[in-house]
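Let's walk through this model together, one step at a time. Take a look at the sequence and the structure, and then read on.

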Amino acid sequence: MKKQKAKGPLAIKTLIFGALSGLLYYLVFSNEDWITTTYTMGGWHTIYPVGTALVFSFVHGAFASNLLSLLGIEAKSSH
Amino acid sequence: MKKLFMCFVLALGFIFVVSTAWAGGGGGPPKNMLKGVFVKVNKDRTADFKVDGTGEIKHLILSEHVDLEEIPLERKVLVSLITDEKTHEITNEVKSVSIMFMDLTPAKIIALLVVGLIGGLLSGFIGSGGAFVLTPSMMSLGAPGAVAVASNMCHKFPKAMVGAYKRWKYGQADIKLGLFMAATAIIGVQIGIQIQKYILNHWGNAGSNLYVSLMFVIVLVVVGIYVFLDAYKLAKGGKEAETTKIAKKLQSINLPPMIHFKTAGIKISAWFTIPVGVATGMLAATIAVGGFIGVPGLIYVIGASAMVASATELVIAFCMGMWGSIQWGLSGLIDIRLTLLILAASLIGVQLGALGTTYVKDYMIKIVMGSVMLIVAVSRGAKIPGYLADLGLRAPLDPSTASLLNSISFWALVAALGTAGIIISAAMIRGMLQARQGTN
């Protein structure tokens, strides 16, 4: 019963992070030319690829984590 | 005293990071490469090239290896220049031209997602891996070598961060040990780079390739067999892993500063952790997979369990990956599209691998690690005859043998990844089913 209750907020979280992640991917690939040019200028522009990778790891990582939990794939609790 | 020593090591690592990042050297691109666009190609095999960043126009000569028809105008390319064999100076003669951003077709996207997913799974489970197959895969899909290495590096640190966080939550990652090892590993990277430069200057590119491959095969075969035999004994005997004699001996030597690593449950002199860290860094700078020495080093020399060692390796991978990505970013070689496509699947894979460790016995990590190391050694070993021929140490290979060896090399990597994926998934599913039966 407790598990059933937790699934609702988990589904909402998965949906929010999934949508956000999808939006970020859409933004990157719809502006492919600008991004590939700007991100590879070298020097201080290194902030762009490193920062983008970090943002994606938080957003997409949270989506992946919630998705796995929603599918019932979780770590062994007694460990 | 202990805190002072910790601060000293971390500060040393930090200084190395800042100094190499400032100089733009370290793990950056080869010096014989130019990045930019061709603005004009002349029929007399000369061309005007606008260098990226500075905007400087260089007049280049196109060698006979370059097809004039295939040079794209106003499209970002990487140009490899010929190095004079006697003086080792870089000439303005173009050896090859590769388009920096490959066109992404649906098939290529699917390939990147699949490799990313299994690479992530492996990384979450054994603490390292993926890089040895991701870079060659990207290259075979059409990315230039330097771009493939840079884009892989940029995907490594976010993946390791997510994996390290998960395994820290499961009580497996020792952050203090990881940071300590990472700081010393960066020193090892510097030493590794200096050795590489020395070899490159004395024996050229072929000598460097041979050195990298030989190191790869020797380290992977020796350590891989040791890890595999250890895991086999444990699996057969059904016993829990014991701390090795070397680790017990080292832990018993009271050489200040003694450092207590809580999660790993170890108290050991800092002087014994430094060589393992340095060796990890040296290997990372040589064969790009430092974890293959870092994890066994943490298990057999320091005395951590395979569970803690593989989790802690993710902390080291995060620090070193972040540092490497800044380096490659400074040179402007990261294709973020490739990085993000691999991340899309590897962030799922790494979490699956991390939670998978909670369902398996300690020796399972050693089995996967040992098998992967040995299969990867075959892949690299297949490259050695070609490099020996390049150096004139044996007769040139005939085209059919060269092509066969290349295929063996590539497919061995795929086999390593496939084998790891199957062992991890099977162990995880079995563990999950047993856990469910236990609760019912």
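Predicted model: local features only at pLDDT ≥ 70, side-chain atom pairs only at ≥ 80, totals over all residues.

To begin, a word we will need: a residue counts as buried if 20 or more other C-beta atoms lie within 10 Å of its own. By that rule, 27% of the 79 residues of chain A are buried.

For chain A the average pLDDT is 87, and 90% of the residues score at least 70. One stretch needs some care: over residues 1-5 of chain A the pLDDT is below 50, and beyond near neighbours in sequence this stretch has zero contacts in the model.

Now for the fold itself. Confidence is highest in helix α3 (residues 47-70) of chain A, with a mean of 94, and lowest in helix α1 (residues 2-30) of chain A, with a mean of 86.

Chain A also has a partner to explore. Where chain A meets chain B, the contact takes 29 residues from chain A and 33 residues from chain B. On the side of chain A that touches chain B, α1, α2 (32-39) and α3 of chain A each supply at least two residues. Which helix gives the largest share of that side? The answer is α3(A), with twelve residues. Sorted by class, the side of chain A that touches chain B has 14 nonpolar, twelve polar and three charged residues.

How values were computed
Residues numbered from 1 in each chain as written. Chains lettered and ligands numbered in written order. pLDDT = per-residue confidence, 0-100. Helix = DSSP H or I, 4+ residues; strand = E, 2+ residues; numbered from the N terminus. Contact = placed C-beta atoms within 7 Å. Buried ≥ 20, exposed ≤ 12 C-beta atoms within 10 Å, placed from the backbone. Nonpolar A, V, L, I, M, F, W, Y, C, P; charged D, E, K, R; others polar.
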